[in-house]
Amino acid sequence: MLKIEYKQLMDLALASQDISGACTCNQVPLAAWQALPMTLELDHFDEVGTLVDDPYDEPTFAEYHPNGTRYDSPDAPIAPRYYPCNISQVARCRDCGRHYLRYNEAGGYFTELRIRALQPGLLVDAAL
């Protein structure tokens, strides 16, 4: 899968921001990380690439919240080198072209697909 670098990610986010039409992918606000809503179907998305640096390396589980945000904050930064962005794939809605980040949250006894809209105003190229 194609590794997406920061500039490419920003370009995708800017393109998404310019899409104004209604679509099934934006019926539910996806500003913050959340479980995949029941209204979204996975076959309506194409994987564009990954933010995973090395699939054989253990990624950091450190989150990036310099302004006191949390994982589920709509205004939390999107920092590609930090969790959970660093284990995410970039997906594009087939119907409208908006881009999203998604990853599989693996808890002790469950897995759950999580998704978040790619928003250019929240992207941060923060070093580890």
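Let's start with D46, which stands opposite R92 in β3. Please keep in mind that this is a predicted model, where local features need pLDDT of at least 70, side-chain atom pairs count only at pLDDT 80 or more, and totals for chains, interfaces and linings use all residues. Residues are numbered from 1 along each chain as its sequence is written, and side-chain values use heavy atoms, with hydrogens and water left out.

Back to the strands. β2 and β3, the latter covering residues 89-93, run antiparallel and are joined by five bridges. Helices (H or I, at least four residues) and strands (E, at least two) are DSSP runs, numbered from the N terminus, and two strands pair if DSSP finds at least two bridges between them. Helix α1, residues 6-17, packs on this sheet and touches β2, β3 and β4 (99-106), with its direction at about 115 degrees to that of β4. Contact here means heavy atoms within 4.5 Å; axes are lines fitted to C-alpha atoms, for helices over the stretch in contact, and angles between N-to-C directions run from 0 to 180 degrees.

So what is the order of the strands in the open sheet? Reading across the five, we get β1-β5-β4-β3-β2, with antiparallel pairing. β1 (34-35) and β2 (45-50) each have a single partner strand, so at these two edges one side is left without a neighbour in the sheet.

Now over to β5, residues 111-117, which pairs with β1 in the antiparallel sense over two bridges. R114 in β5 is the bridge partner of A35, and Y103 also stands opposite R114. Between β4 and β5 there are seven bridges, again antiparallel, and these two strands form a hairpin with four residues between them.

While we have α1 on screen, look at D11 and K7. Both lie in that helix, four residues apart, about one turn, and their side chains meet in a salt bridge at 3.0 Å, N to O. The rule is a side-chain nitrogen of Lys or Arg within 4 Å of a carboxyl oxygen of Asp or Glu, and by it the count comes to nine salt bridges.

On a 1 Å grid over the protein atoms alone, a cavity is a set of points where a 1.4 Å probe fits but cannot get out, a pocket is an open set with protein on both sides within 12 Å along at least five of seven lines, and lining residues have an atom within 4 Å of a point. Grid points are joined across faces, edges and corners, and a volume is the space filled by probe spheres set on the points.

The largest pocket has a volume of about 290 Å³. Its lining has 17 residues, with K3, L51, D53, P80 and R81 nearest the centre.

The second largest pocket holds about 210 Å³. It is lined by 16 residues, and S16, R98, A117, L118 and Q119 are the closest to its centre. α1 and β4 are the elements that give two or more residues to this lining, and α1 gives the most, with three.

And which residues lie nearest the centre of the largest cavity? They are Y64, H65, P77, Y83 and P84, out of 13 lining residues. That cavity has a volume of about 80 Å³.
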